[in-house]
Amino acid sequence: MELKDVMKQRREVLSLTQQDIAEMSEVSLATIKDIERGKGNPALNTVNKILDVLGVEIEFRIRRTV
């Protein structure tokens, strides 16, 4: 599942608007809209702020390449 799908689905489950998420995460509304549209390349810190508000954790995986 992509970030945009996770964000939108979780936001709707919590009955929050994009504006609510922007205010609670201190991220611009334009950034929230762009992420949900699959646009842009948000910084990990930005994504972390948003997902923290939504109650979602990020799982990091390091892949070893030869």
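Which exposed residues does the face of helix 2 turned away from its buried side carry? I looked and found Glu-23 and Met-24 there. I note that I am working from a predicted model.

**Helix 2**

I then turned to the buried side. Helix 2 spans residues 18-25, and I listed Gln-18, Ile-21, Ala-22 and Ser-25 as buried. They lie on the same side of helix 2, because they cover an arc of only 100 degrees around the axis. I checked what these buried residues pack against: helix 1 (3-13), helix 3 (29-36) and helix 4 (44-54).

**After helix 2**

Next I followed the chain onward. Glu-26 comes after helix 2, and its phi is positive, near 60 degrees. I found Val-27 in the loop between helix 2 and helix 3. Is Val-27 buried or exposed? Its relative accessibility is 10%, so I count Val-27 as buried. Leaving out residues up to four places away in sequence, I saw Val-27 touch Ala-22, Ile-32, Thr-46, Lys-49 and Ile-50. I also looked up Gly-55, which is 28 residues from Val-27 along the chain; their C-alpha atoms are 16 Å apart.

**Salt bridges**

How many salt bridges does the structure hold? I counted 2. One joins the side chains of Glu-36 and Arg-11, at 2.7 Å from N to O. This pair links distant parts of the chain, with Glu-36 in helix 3 and Arg-11 in helix 1, 25 residues apart. Glu-36 counts as buried at 13% relative accessibility. Arg-11 is buried too, with a relative accessible area of 11%. I found another salt bridge between the side chains of Asp-34 and Arg-37, at 3.2 Å from N to O. Asp-34 has a relative accessible area of 30%, so I noted it as partly exposed.

How values were computed:
Residues are numbered from 1 along each chain as its sequence is written. This is a predicted model: local features need pLDDT of at least 70, side-chain atom pairs count only at pLDDT 80 or more; totals for chains, interfaces and linings use all residues. Side-chain values use heavy atoms; hydrogens and water are left out. Buried means under 20% relative accessible area, exposed over 50%, partly exposed in between (1.4 Å probe, protein chains only). Helices (H or I, at least four residues) and strands (E, at least two) are DSSP runs, numbered from the N terminus. The arc is that of the directions from the helix axis to the C-beta atoms. Contact means heavy atoms within 4.5 Å. A salt bridge is a side-chain nitrogen of Lys or Arg within 4 Å of a carboxyl oxygen of Asp or Glu.
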